[in-house]
Amino acid sequence: MSIQNNLLEIKNDLPGHVTLVAVSKTKPVPDLMEAYDAGQRIFGENKIQEMADKHEQMPKDIEWHMIGHVQSNKVKYMAPFVSLVHGVDSLKLLAEINKQAAKNGRIIACLLQMHIAEEDSKFGLDESELQQLLESEEFKHMENIRVTGLMGMATFTDDETQVTKEFTRLKAIFDSLNELPTTNNLQPSTLSMGMSGDYKIAIDCGSTMVRIGSSIFGSR
Ligand SMILES: *Cc1c(COP(=O)(O)O)cnc(C)c1O
């Protein structure tokens, strides 16, 4: 199967309200261009330098999403162009994104990453940390970021019941976020959950954005 065929097959399968992020980390530019030529305009990368290099080389109508763990000292390299940062899991990181966004005269959209998996190796906030972050004065005064939703990763397992349970929990947190009054920097609309192995379950559980790599580009 070609990249174009994989992409079109997945796209045909997605409900209209679900956005596809083509996860292109480690893949060379010609592979990304094949997806681009098939109409894909949103790409996800997990290393800032690699994303910046690809952004340089590729057409400028692409939306670049940072899906990996972000080191504060590298935010400046993506601040001029990044469209959405999925993996924000601390106030400190949000503050740095806010600062670099201001330097570039931008408002950068961010998703807060929640810890929903059983493994403790995965990054993310728990519910009380989320609440603390949102209630902090520092957050309320950030003018150059906008929290547009949540992101999470389920446990890497074949146990569909487990995965369903974790995604359902993230959806419930997302729903409670939507009950808060919206402000300039809190406008939740996006629930980023689901990868190649579990995106169908994620969509059944309420995902609005899936991050799919290997099913499009092949294994890494
Ligand atoms: C690599 C990655 C994906 C895509 O994984 P696949 O299994 O290749 O679809 C999605 N989300 C994050 C955060 C990733 O790092």
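**A contact, the ligand site and a pocket**

The side chains of serine 192 and histidine 86 are joined by a polar contact of 3.0 Å (a pair of N or O atoms within 3.5 Å; within protein, one must be able to donate a hydrogen and the other to accept it, and residues adjacent in sequence count only if both atoms are side-chain atoms). The model is predicted, so local features need pLDDT of at least 70 and side-chain atom pairs pLDDT 80 or more, while totals for chains, interfaces and linings use all residues. Residues are numbered from 1 along each chain as its sequence is written, and side-chain values use heavy atoms, without hydrogens and water.

Serine 192 belongs to strand S7, residues 186–192 (helices, H or I with at least four residues, and strands, E with at least two, are DSSP runs numbered from the N terminus). Serine 192 counts as buried because its relative accessibility is 0% (buried is under 20% relative accessible area, exposed over 50%, partly exposed in between, with a 1.4 Å probe and protein chains only).

The shell around the ligand consists of Val23, Lys25, Ile67, Met151, Met153, Met195, Ser196, Arg211, Ile212, Gly213, Ser214 and Arg220 (each has a heavy atom within 4 Å of the ligand). By class, six of these shell residues are nonpolar, three are polar and three are charged (Ala, Val, Leu, Ile, Met, Phe, Trp, Tyr, Cys and Pro count as nonpolar, Asp, Glu, Lys and Arg as charged, the others, Gly among them, as polar).

Serine 214 takes part through its backbone, where an N or O atom lies 2.8 Å from a ligand oxygen. The ligand taken alone exposes 390 Å², and 89% of that area is buried by the protein (Shrake-Rupley method, 1.4 Å probe).

Glycine 152 is placed in strand S6, residues 145–152. With a relative accessibility of 0%, glycine 152 is buried.

The loop between strand S1 (19–23) and helix H2 (29–37) holds threonine 26. The phi angle of threonine 26 is near 70°, a positive value in a residue other than glycine. Most residues other than glycine have a negative phi. Threonine 26 counts as exposed because its relative accessibility is 53%. Proline 28 is placed in that loop between S1 and H2 as well, and at 42% relative accessibility proline 28 is partly exposed. From proline 28 to lysine 171, 143 residues apart along the chain, the C-alpha separation is 34 Å. Threonine 19 is in strand S1 and is partly exposed, with a relative accessible area of 29%. The C-alpha atoms of threonine 19 and lysine 103 are 29 Å apart in space, and the two residues are 84 apart in sequence.

In the loop between strand S3 (63–66) and helix H4 (75–78) is histidine 69. At 38% relative accessibility, histidine 69 counts as partly exposed. Histidine 69 and glycine 87 are 5.7 Å apart, C-alpha to C-alpha, at a sequence separation of 18 residues.

The second largest pocket holds about 310 Å³ of space (a volume is the space filled by probe spheres set on grid points, which are joined across faces, edges and corners). Its lining comprises 16 residues, of which Gln131, Leu134, Glu135, Leu177 and Leu180 are the closest to the centre (on a 1 Å grid over the protein atoms alone, a pocket is an open set of points with protein on both sides within 12 Å along at least five of seven lines, where a 1.4 Å probe fits; lining residues have an atom within 4 Å of a point). Helices H6 (127–135), H7 (137–140) and H8 (160–177) each supply at least two lining residues, and H6 gives the most, with six. The lining of this pocket has eight nonpolar, five polar and three charged residues.
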